[in-house]
Amino acid sequence: MDTPAPNPSIPTTGLILTGGGARAAYQVGVLAAIAQLRRDAGVTAANPFPVIAGTSAGAINAGTLACQADDFDGAVDGLMHIWQNIHVDQVYAADAFGVIRTGARWMTMMSLGWAVARWHRSKPRSLLDNEPLGRLLQRWVRLERLDDMLAQGHLRALAVSGSSYSSGQHVTFYQTHAALQPWMRSQRIATPAKLSIEHLLASSAIPFIFPAQLLDLEGQAEWFGDGSMRQSAPISPAIHLGAERVLVIGAGRMHEPPGRRSTLVEGHPSMAQIAGHALSNIFLDALAVDVERLQRINNTLSLLPAAAREATPLRPVEVLVIAPSRRIDELAAEHQHSLPPPIRAMLRSVGVAGEGKAATGSALTSYLLFEPSFTGELIMLGMSDTLAKRAEVQRFFGWPAQAPKVDPRSMRKRSAGFAEAQSAAVAEAAEAA
């Protein structure tokens, strides 16, 4: 296969996919709209994102795109198919036995730990068991293709971030074809690695909810959890890996509307409300701060004379942010009934209740609601939000302005076609093995 020749006039574009459990379905809608706008502009030759950096559930989407960097449209179709048809039991054990084995035992340890701590088998690792997710990733994320994608020039770098419970360090694992010097900053480091499904599971291990994953870090085994924890600079990996402009896809609203949001205070907040607030801090706040920091640096550099800009190691990095226009927790509140009864019962015990405007604890639910009714609506929201920024997207990529031709029905047809092709590929690989 011929290696695509880089166009020096086009800046290297980085893609930042952040975390958020089921919220990551929103990213797929954004990518689907971008793929359609790209086709409308007649640009189909090369991967639009040579540098991809993913964190938490965004790492899973990032890995999928990177492993099919030679077919961006096909990769997006595959993500559409997965997220439009996903169910809770494909991500974590949601049957009554599975919930009792992990969630109920975890809460028992919290309340009666003094009585049962001596029994080692009574120490569950997390609230939920994500073993089904591991099986799903083994089937769908073809990491065995990553080396070829890098060697053939379809991709420049893939980065996946995790947080070490063992050392307290935030670590970015990256894979490239050409050697690249690792970097180190306060409380965060980067290291080259042969990326694996275990890296994706570690990066997406939401604290307390999913179990930590054992990874090798410079020859030593350490326990890793969700990469959004202690991630003070989410955009940094893509820039270190050579991105000259970045598209950032968020998993929640970057800024609340002006004015105080009125809420009805009814006693002390539940554990679910506190947990949802903490997760929002982990997954959303650092990204908003980093985007503001980058914009301030760009503004400062624009004020410097040319000689002064040449003397500083800083350089302007164009950034385009696409983030949900709706509060995702409010959207999740409309779909809490879609969760399996054992999960609903477990969540009720920590304060998740109601539905719609009467719901409480829906921020926590939004990270766990891997059901088509919710993920499908997130995909549509991502598509509409991207089309609302159509002119900005076209200007960012340098594409000619075109009228939108996005048809959700045609996108579903495309993803269904991918599913048939993928199933055939899986069967062929199994037969060859």
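Me: In which loop is Asp 226 found?
Reply: This is a predicted model, in which local features require pLDDT of at least 70 and side-chain atom pairs count only at pLDDT 80 or more, whereas totals for chains, interfaces and linings use all residues. Residues are numbered from 1 along each chain as its sequence is written, and side-chain values use heavy atoms, with hydrogens and water left out. Helices (H or I, at least four residues) and strands (E, at least two) are DSSP runs numbered from the N terminus. Asp 226 is found in the loop between β8 (220–225) and α8 (236–240).

Me: Is Asp 226 buried or exposed?
Reply: The classes rest on relative accessible area: buried is under 20%, exposed is over 50%, and partly exposed lies in between (1.4 Å probe, protein chains only). Because the relative accessibility of Asp 226 is 0%, this residue counts as buried.

Me: Which residue does UniProt list with Asp 226 under "active site"?
Reply: The annotation comes from an unreviewed UniProt entry. UniProt positions are given in the numbering used here, feature names are shortened, and annotations may be inferred rather than shown by experiment. Under this heading the record lists Asp 226 together with Ser 56.

Me: What is the largest C-alpha distance between the residues that UniProt lists as "active site"?
Reply: The record names Ser 56 and Asp 226. They are spread over 171 residues of sequence, yet they cluster in space, with a largest C-alpha distance of 5.6 Å.

Me: What is the length of the polar contact that joins the side chains of Asp 226 and Ser 56?
Reply: A polar contact is a pair of N or O atoms within 3.5 Å; within protein, one must be able to donate a hydrogen and the other to accept it, and residues adjacent in sequence count only if both atoms are side-chain atoms. The side chains of Asp 226 and Ser 56 are joined by such a pair at 2.6 Å.

Me: What is the relative accessible area of Ser 56?
Reply: Ser 56 sits in the loop between β2 (51–55) and α2 (57–67). Its phi is near 55°, a positive value in a residue other than glycine. Ser 56 is classed as buried because its relative accessible area is 0%.

Me: Which residues does Ser 56 contact, leaving aside its neighbours within four places in sequence?
Reply: Contact means heavy atoms within 4.5 Å. With those neighbours left aside, the partners of Ser 56 are Gly 19, Gly 20, Gly 21, Ser 203, Ser 204, Asp 226, Ser 228 and Phe 283.

Me: What is the relative accessible area of Glu 218?
Reply: Glu 218 is not a glycine, yet it has a positive phi of about 55°. This residue is placed in the loop between β7 and β8. Glu 218 is exposed because its relative accessible area is 64%.

Me: How is α3 oriented to α14?
Reply: Axes are lines fitted to C-alpha atoms, for helices over the stretch in contact, and angles run from 0 to 180 degrees between N-to-C directions. Helix α3 (residues 72–85) and helix α14 (residues 372–388) pack with axes 7 Å apart at an angle of about 140°. Angles under 35 degrees count as roughly parallel, over 145 as roughly antiparallel, 65 to 115 as roughly perpendicular and the rest as oblique. Therefore α3 is, relative to α14, oblique.

Me: Which residues of α14 make the contact with α3?
Reply: On the α3 side, the contact is made by Met 80, Trp 83, Gln 84 and Asn 85. The residues of α14 that take part are Pro 372, Thr 375 and Ile 379.

Me: What is the length of the polar contact between the side chains of Ser 196 and His 199?
Reply: Ser 196 is in the loop between β6 (188–192) and α7 (197–203), and it counts as buried because its relative accessibility is 19%. Its side chain is joined to that of Glu 198 by a polar contact of 3.1 Å. For the side chain of His 199, the polar contact with Ser 196 is 2.9 Å.

Me: How far apart are the C-alpha atoms of Gln 213 and Gly 162?
Reply: Gln 213 lies in strand β7 (residues 213–217). Gln 213 and Gly 162 are 51 residues apart along the chain, and their C-alpha atoms are separated by 9.7 Å.
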